Amino acid sequence: MSRALLFSLLLILLSLVVQVSSIDDSYVQCERVVNNWAESSAENVKTEDKLTLRDLLFFLHIPRTGGRTYFQCFLKKLYSFDQECARSYDKIRFNPSKPNCNIVATHDDYSLISKLPQDKTSVVTILRDPIERVFSTYEFAVEVASRFLVHTNLTSALETSNRVRRKSSTMVSTLDIWPWKYLVPWMREDLFARREASKLGKLRRNVFSDAYNTEDVAMPLHEFINHPMAHELIHNGVTFQVAGLTNNSYLDDAHEVRHCVRKHPSLGQLVLDVAKGRLDQMLYVGFTEDHKKSARMFASMVGAQILARSKSTPDSQQESTEQNNVESSVQAVPEKLVEETNHTASIEDEVSTANANPPKKILTEEQLMEEYEECVENLRNAQMRRRYISLKQISPVNFTSEARRLVPEPVLEEMRNLNSLDMQLYLHAQSIFLQQQVLMDNLEKQNLQLAKQVSAEIEAPWNYVLLLLVLVPVFLFFIIVMHRRRTSKLKI
């Protein structure tokens, strides 16, 4: 063997050793970073206190889980306007020091708890099947971005969008809210680029029926899930949001921890354990899939406690008609502004911030559920109309549950692998949900037994009264008969 060849082999071996050493050093450093974060994030809340509603309710709204339904149809009916923390859906405008702030609903991650009085804060959240959530995130990003296609070009779309947002000082647009403030502009730019490329014949028309693979119209799903943007914002997003490690985090070391977990996936178990612990300490954990059961559980576990408090508040005794009048005046938006807004942002995710204070309406738990179901139906109809109008811009794309079932298995398997932490967290949340269900069943049994006991106690005195009502006439009749007999004997 020549010296040159031997020298080359030695250099190759040396470079391999250096690379392995570098990888080892990187892992050791990351392991230390993630371990330090995990130890500092350990929960110290007493488990027995978690079912009692505290002064501040933090609704950790995970995107695409149906959280807006809870916010609009539950929380807005349970809390008055002045109890809502100001502009809570936008991190930059969040103001936890607002007086009488009792409810904060936000896409911010769990790190927001560092800005709140932890010993006085209860946390609730809703989870969704991770694969369905990825589908929904992709669909919503495409849907909102497609509304801009009514414009001839991207420049015109941006100008109109900025003009509408400047005009409307009472609403927070989807483009202001995490993670859509990143996903929608990215998808909007992609849609315009594909439209121009299709006009020039650079993209082949898809003749298949797969709505998630129409590259001449919109970014295909398989391309979407492999993009760095999806890795940063979507994959394992629930675990990172519950752990407080999104790119929207308040923690200084969030980016480094997130980077280490992505570089060394085995470290993700530490993050997953923290997220599981936080779910364990929450007042309520719901599911998008078990919608009706989750809603009923929320009404019983959370709504009932809020109602009990509101009934003890003197200023909560207001007429419902007065509330409806105030709410209708608050929600009124100029027709021209609504028309322009439909082209630029999702009204679904716009949050009214008008300076108003609608009086609360005192409700029973059953009345709350009735109003919730009516509200959900209205929201669902509005969302269906909006989606239909939006997707007309990118026809023949039409996202349906049937279309999801046609997505190739390799794509679905890749989605599962990319969201392995979320898959495990979802399973853990299911066990929590079952525990909540058992607790609810036990409470219902206790309430039923208590009701029977109270009923028995109420009935007991009446039983004595009825007995007396029967015995007294009999006794009187007996006395009368005896008296007549004595009288008859005297005459004889």
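# Structural report on a predicted model

R64 lies in the loop between strand 1 and helix 2 (67-78); helices (H or I, at least four residues) and strands (E, at least two) are DSSP runs, numbered from the N terminus. Although R64 is not a glycine, its phi is positive, at about 65 degrees. The charged end of R64 is placed over the ring of F140, 4.2 Å from the ring centre (for such a placement, NZ of Lys or CZ of Arg is within 6 Å of the ring centre and within 35 degrees of the ring normal).

The model is predicted, so local features need pLDDT of at least 70 and side-chain atom pairs count only at pLDDT 80 or more, whereas totals for chains, interfaces and linings use all residues. Residues are numbered from 1 along each chain as its sequence is written, and side-chain values use heavy atoms, with hydrogens and water left out.

Seven of the seven residues of strand 3 (residues 121-127) are buried, so the strand is largely enclosed by the rest of the structure (buried is under 20% relative accessible area, exposed over 50%, partly exposed in between, with a 1.4 Å probe and protein chains only). T121, V123, T125 and L127 point to one side, S122, V124 and I126 to the other, and all are buried.

Strand 3 pairs in the parallel sense with strand 1 (residues 56-60) over five bridges and with strand 5 (residues 284-287) over four; pairing requires that DSSP finds at least two bridges between two strands. The bridge partner of F59 in strand 3 is V124, while L127 stands opposite F287 in strand 5.

## Nonpolar cores

The largest nonpolar core has 59 residues, and of these L57 and L127 touch the most other members. Helix 11 (residues 291-311) supplies the largest share of this core, eight residues. Apart from this core lies another, of 44 residues, which includes I131, Y138, V142 and I225. A nonpolar core is here a set of buried Ala, Val, Leu, Ile, Met, Phe, Trp, Tyr and Cys residues joined through side-chain atoms within 4.5 Å.

Leaving aside residues up to four places away in sequence, L57 touches L75, Y79, N102, I103, V104, S122, V124, L283, V302 and I306 (contact: heavy atoms within 4.5 Å).

## Aromatic pairs

There are 16 aromatic pairs in the structure; rings of Phe, Tyr and Trp (its six-membered ring) pair if their centres lie within 6.5 Å, with planes under 30 degrees apart counted as stacked, over 60 as edge-to-face and the rest as tilted. Among the pairs is the edge-to-face one of Y138 and F224, with 5.0 Å from centre to centre and 65 degrees between the planes. Y138 belongs to helix 3 (residues 130-146) and F224 to helix 6 (residues 221-225), so this pair links distant parts of the chain, 86 residues apart. The rings of Y138 and F399 are also edge-to-face, because their centres are 5.7 Å apart and their planes at 70 degrees. F399 lies in the loop between helix 14 (365-391) and helix 15 (401-405) and Y138 in helix 3, so the pair ties together parts that are 261 residues apart in sequence. Both Y138 and F399 are buried. One aromatic cluster is formed by F135, Y138, W186, Y212, F224 and F399.

## Helix 16

Within helix 16 (residues 409-418), V411, L412, M415 and L418 are buried. Viewed down the helix axis, the buried residues fall within an arc of 125 degrees, so they line one face of helix 16 (the arc is that of the directions from the helix axis to the C-beta atoms). P410 and N417 are exposed and sit on the face turned away from the buried side.

R194 lies in helix 5 (residues 180-199). Not counting residues up to four places away in sequence, R194 touches L203, E215, D216, V217, A218, M219, P220 and E223. R194 and V217 are 23 residues apart in sequence, with 6.0 Å from C-alpha to C-alpha.

The peptide bond from W178 to P179 is cis, with omega near 0 degrees, and P179 lies in the loop between strand 4 (171-172) and helix 5. Another cis peptide bond joins S395 and P396, with omega about 15 degrees; P396 is in the loop between helix 14 and helix 15. N236, not a glycine, has a positive phi of about 55 degrees and is found in the loop between helix 7 (228-233) and helix 8 (237-243).

Relative accessibility for some of the residues above:

| Residue | Relative accessibility | Class |
|---|---|---|
| Y138 | 1% | buried |
| F224 | 0% | buried |
| R194 | 9% | buried |
| N236 | 11% | buried |
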